[in-house]
Amino acid sequence: MDRINESLRRVPPRTVYLLGLVLLFWLVWQVASGRVGPDPVREVEYRLGLLGLQFVVAGLCVTPLRWLGLNLLRYRRAIGLVAFNFVALHLLTWGVVDRGLRWSEIGADLTKRPYIIVGMIGFLTLLPLAITSNNTSIRRLGALTWGRLHKLVYVAAVAGAVHFVMVGKVWTAESLFYAAAVVVLLGARVARAYTGARRPPRTPAHATRLPDETRSCGVQCVKPKIL
Amino acid sequence: MKRSSFTSSKPLTWADVTPKADFLNRRQIMAAGLATLAAPMLARPGFAQTAYPKSALSTDLPPNSLEDITTYNNFYEFGLDKSDPSRLGGDLKTDPWSVEISGLVDKPGTYALADLLKDAPLEERIYRFRCVEAWAMVVPWVGFELAHLLMQVGVQPGAMYVAFETLVRPEEMPGQESTFIEWPYREGLRIDEAMHPLTILATGLYGEPLPNQNGAPIRLIVPWKYGFKSIKSIVAIRLEAEMPKTTWNMLQPSEYGFYANVNPEVEHPRWSQASERLVGGGFFAGRQDTLMFNGYADQVASLYTGQDLAKDF
């Protein structure tokens with residue numbers, strides 16, 4: 001595991017942004033060359049939403065993987081921001097291309113359709129997280145407040161998974177898979193919080209209490225910029 | 001023996017006036033290169049046998065491409081994805097095929113498909129098609145009026161409804177391994193809907209036999225109702241006194257009613273039915289308004305006089 005962590009030092013976080021861009025351009029190219037079937041709008045909507053959910057789920061994997069010794073913390077901000085961008089593009093595609101800016105229909109959807117409302121809750125909870133995903137915001141808010149705020153990603157993940165399950169005529173195996181993944185990843189945190197409280201902490205208390213992101217940021221902020 | 005259209009006395013069809021290349025996907029044409037340029041000439045003799053009379057009930061709208069119609073299908077017998085039926089439909093054997101006609105009819109029995117089609121007045125019907133999922137297509141079916149068949153088998157006075165069933169054959173229809181639908185797929189019509197001249201049994205598409213993914217070898221088409229009413233690969237037709245159970249209504253009665261008439265004012269609980277996306281128009285084609293009874297209100301609205309369509313959805 002240490003060897004993996006060691007070799008990951010050479011992979012900068014911007015690789016994640018690059019991956020996001022590659023996935024996006026791949027989709028654009030497929031649409032432009034007519035490779036997404038007879039109903040490209042539905043396909044693009046589906047793929048953007050799915051990518052958003054996949055990156056949210058990937059972000060939720062970071063902490064449990066650290067418990068197992070794999071440290072991906074410095075990629076988490078990039079994972080979250082890529083997730084937000086896919087979700088925002090998904091929403092934009094729905095409003096502009098799918099609904100064609102038919103505001104009365106959009107308004108009706110936003111007030112009457114549970115799956116649209118749930119999806120919108122997901123987007124709105126990700127919005128403040130995206131805005132505060134920078135070191136300045138962590139300093140301004142204070143690590144504790146910032147960490148609490150970013151717990152909103154749990155709400156976004158549940159909303160995204162539920163939205164995906166509700167969107168179709170039937171519950172698909174694929175949507176249930178992501179719902180299960182979110183349940184497991186959030187359940188693991190709950191389980192650890194309970195069992196962790198009974199066991200004496202293995203690390204000094206001040207180290208466990210600080211939000212993960214702050215510690216990684218601390219390193220980044222202190223470290224002189226060599227590159 | 002194939003006859004050339006020059007010697008055929010039958011009227012020309014849509015397929016005759018449009019080279020096949022035109023309704024195939026552009027990508028295929030590019031891939032095929034020069035070979036495609038020659039195709040219209042080579043293909044022409046083959047089209048003569050597909051000369052079906054045009055129906056006055058056809059729409060003037062341009063039909064979707066054959067690729068659109070045969071790769072974007074909801075046919076859960078083959079899987080939930082719209083590409084599953086075209087990918088996995090190949091194993092379905094549609095010959096031999098028979099349809100059991102039973103219930104309140106004078107001549108019940110299990111009829112071979114060939115016997116059903118022997119005197120059937122097949123014609124081309126270009127219909128609008130509207131899925132309950134708010135997408136739409138225009139499809140050039142080949143078929144004959146269901147009323148023709150019902151009159152041949154003799155409908156008895158007490159018959160108020162017609163029930164239909166799709167084939168159950170999990171070894172050829174992999175989607176039937178899943179049990180969330182209680183197979184067979186079932187649909188039904190009120191007798192006056194079934195006897196309406198717009199209601200057809202379709203056996204072909206673009207002048208050729210129905211591809212498996214579109215419900216081969218024989219399916220129902222009721223153009224003023226949401227697509228799920230137009231049951232595919234029919235093996236049983238029953239005339240009954242009571243309203244039959246129908247698959248989507250069994251699955252989710254609050255969302256899918258027995259009538260399922262296309263109606264922009266009655267929304268699906270989870271989405272609006274006021275507009276629809278015409279499949280095949282590309283990424284920026286936008287939406288169009290959904291029409292009452294899918295544009296067939298002049299012909300069918302009178303069937304529902306006195307009914308509250310918000311209640312009988």
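## The interface

Begin by displaying chains A and B together: 19 residues of chain A are in contact with 22 residues of chain B, where two residues are in contact if their C-beta atoms, placed from the backbone, lie within 7 Å. On the side of chain A that touches chain B, α3 and α5 (103–112) of chain A each supply at least two residues. Colour this side by class, and it shows 9 nonpolar, 4 polar and 6 charged residues. Here Ala, Val, Leu, Ile, Met, Phe, Trp, Tyr, Cys and Pro count as nonpolar, Asp, Glu, Lys and Arg as charged, and the others, Gly among them, as polar.

The model is predicted; local features need pLDDT of at least 70, side-chain atom pairs count only at pLDDT 80 or more, and totals for chains, interfaces and linings use all residues. Residues are numbered from 1 along each chain as its sequence is written, while chains are lettered from A and ligands numbered from 1 in the order in which they are written. The scores of the model are ipTM 0.72 and pTM 0.79.

## Chain A as a whole

Of the 227 residues of chain A, 26% count as buried. A residue is buried if 20 or more other C-beta atoms lie within 10 Å of its own, exposed if 12 or fewer, and partly exposed in between, with C-beta atoms placed from the backbone. Among the contacts in chain A with a separation of 6 or more, 72% are between residues 24 or more positions apart.

The mean for chain A is 88, and 86% of its residues reach 70 or more. Select residues 214–227 of chain A: the pLDDT there is below 50, and the stretch has 8 contacts in the model beyond near neighbours in sequence.

## Helix pairs in chain A

Select helix α3 (residues 40–67) and helix α4 (residues 76–98) of chain A. Their axes come within 8 Å and cross at roughly 160°; axes are lines fitted to C-alpha atoms, for helices over the stretch in contact, and angles run from 0 to 180 degrees between N-to-C directions. α3(A) and α4(A) are therefore roughly antiparallel to each other. Angles under 35 degrees count as roughly parallel, over 145 as roughly antiparallel, 65 to 115 as roughly perpendicular and the rest as oblique. The crossing of α3(A) and α4(A) is left-handed, the term for a near helix turned anticlockwise from the far one by less than a right angle. The contact of these two helices has 16 nonpolar, 6 polar and 3 charged residues.

To see the contact, display A:Gly80, A:Leu81, A:Phe84, A:Val87 and A:Leu91 of α4(A) with A:Gly122, A:Phe123, A:Leu126, A:Leu129 and A:Ala130 of α6(A). By class, this contact has 8 nonpolar, 2 polar and no charged residues.

Then move to A:Ser104, which lies in helix α5 of chain A. A:Ser104 counts as exposed because it has 10 C-beta neighbours inside 10 Å. The C-alpha atoms of A:Ser104 and A:Thr195 are separated by 50 Å.

## Loops of chain B

Switch to chain B, whose mean pLDDT is 88, with 84% of its residues at 70 or more. In residues 1–10 of chain B, pLDDT stays under 50, and over residues 21–49 of chain B the pLDDT is below 50.

Which bond joins B:Asp95 and B:Pro96? It is a cis peptide bond, with omega about 5°; B:Pro96 lies in the loop between α6 (84–88) and β1 (98–103) of chain B. The bond from B:Ala216 to B:Pro217 is also cis, with omega near -5°, and B:Pro217 is in the loop between β8 (208–209) and β9 (219–221) of chain B.

Finally, select B:Asn294, in the loop between β12 (288–289) and α11 (297–300) of chain B. Phi of B:Asn294 is near 55°, a positive value in a residue other than glycine. B:Asn294 is buried, with 24 other C-beta atoms within 10 Å.

Technical notes: Helices (H or I, at least four residues) and strands (E, at least two) are DSSP runs, numbered from the N terminus. pLDDT is the predictor's confidence in each residue, from 0 to 100.
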